[in-house]
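Reader: I am new to reading structures and would like a close look at one part, taken slowly. Could you guide me through the charged pairs?

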Amino acid sequence: MHREWFEPVLAHQLDRVAAPEELWERVRNPRVVRKTGVHTSVNAARVGACATVVLVAIWLFVGHRGFRSGDAGEIRGWVKAQAGIDVPLRARPAGVQLMGANFAKGSVEIAYSVGGRDGRLRVDGRHAGSSARVFTWSMDGHTYTLECATPEDLKIACNLCHIG
Amino acid sequence: MLDSNDREVIEACQRGDSDAFRVLFEAHKDRVYSIALRYSGDPAAAMDIAQESFLKVLGAIPEFRAEAGFESWLYRIVVNTCLDYQRRGRRMMPCLGELIEAVSAHSETVLHRLMRAEVQDDVQRIVARLSPEQRMVVVLRYTEGLAYDEIARILGCSAGTVASRLNRAHKILERRLSHLRGAVGNA
């Protein structure tokens, strides 16, 4: 088969690399704070530190709070502590992998995946229209919005709080 | 198809055996991280994507069926995580790590390292400017060395679509990498 001149360049420059050792720690304990693996100069470190301070300030200013966990109990407790809403998540929702939660501007978002595709459960006071991929309902004075990549995922995502 | 060792490890993972998951992780970590790095062009983003991919594997492995190819299943998870990460607007930018490292090095090989880093940075930056669909095909083809029909299975499209995306990507890359033609010689 004919090969273009740049194909060996691509194969060489895009070659597989070794994963950093800290990856296992991040998988084993998803809440571990990310460390940068790049050797930076002193100036780059200073710029990075300044940027971090600015980002943290912006983050605090807009009121975003996030939590990463795959554990339903931890997420439920965190959401209750942050937003005062008790979302009745099941301990082991079949076919659904919990990823974490966010709380911003009075709205809670619980992130999950179904078959490797991302979805989210939003709980707030706003009403969002339902569609084949989005389902909205009200409970205990809160509006729940379940959003998935496909209509089939939506059915599985119901397992977050319900059996079967 | 799975060989008997892989099958045993996956079945143990499905029973919740954490040692088996570590074995699975060790076997596939470089593959997962490399796709994430070559797609995102950013080591920090690659770590996020790789972490999220393995968490998805951990969560979804009870539903994995042995008759399906594990590697294709894993590739699909990584590909979807890369695309989701970009859709969520997370940081993706060319990899500058080697360039910074070369600049901060104090040895006789600084110039050589700088040139090497520059070529890699060029390639990574140019690949990063491809559309997400074209970039993913390029990564699966050149980082993983996959055949068109394998890429098609992972992306859920036809081999013809893969060939077409790769062809369009080749034309763009050939034009944008033309300044390297003399530099790389018969590489």
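Reader: Is Glu26(B) buried, partly exposed or exposed?

Author: In this predicted model, Glu26(B) counts as partly exposed, because its relative accessibility is 34%, a value that lies between the 20% limit for buried and the 50% limit for exposed. The side chain of Glu26(B) meets that of Arg22(B) in a salt bridge, with 3.0 Å from N to O, and Arg22(B) is likewise partly exposed, at 32% relative accessibility. Because these two residues lie four residues apart in helix α2 of chain B, about one helical turn separates Glu26(B) from Arg22(B).

In chain A, Asp86(A) forms a salt bridge with Arg76(A), the closest N and O atoms being 2.7 Å apart. This pair links distant parts of the chain, for Asp86(A) sits in the loop between α4 (72–83) and β2 (96–104) of chain A, while Arg76(A), ten residues away, sits in helix α4. Asp86(A) is partly exposed at 36% relative accessibility, and Arg76(A) is partly exposed with a relative accessible area of 29%. Over all chains, the count comes to 16 salt bridges.

Technical notes:
Residues are numbered from 1 along each chain as its sequence is written. Chains are lettered from A and ligands numbered from 1 in the order in which they are written. This is a predicted model: local features need pLDDT of at least 70, side-chain atom pairs count only at pLDDT 80 or more; totals for chains, interfaces and linings use all residues. Side-chain values use heavy atoms; hydrogens and water are left out. A salt bridge is a side-chain nitrogen of Lys or Arg within 4 Å of a carboxyl oxygen of Asp or Glu. Buried means under 20% relative accessible area, exposed over 50%, partly exposed in between (1.4 Å probe, protein chains only).
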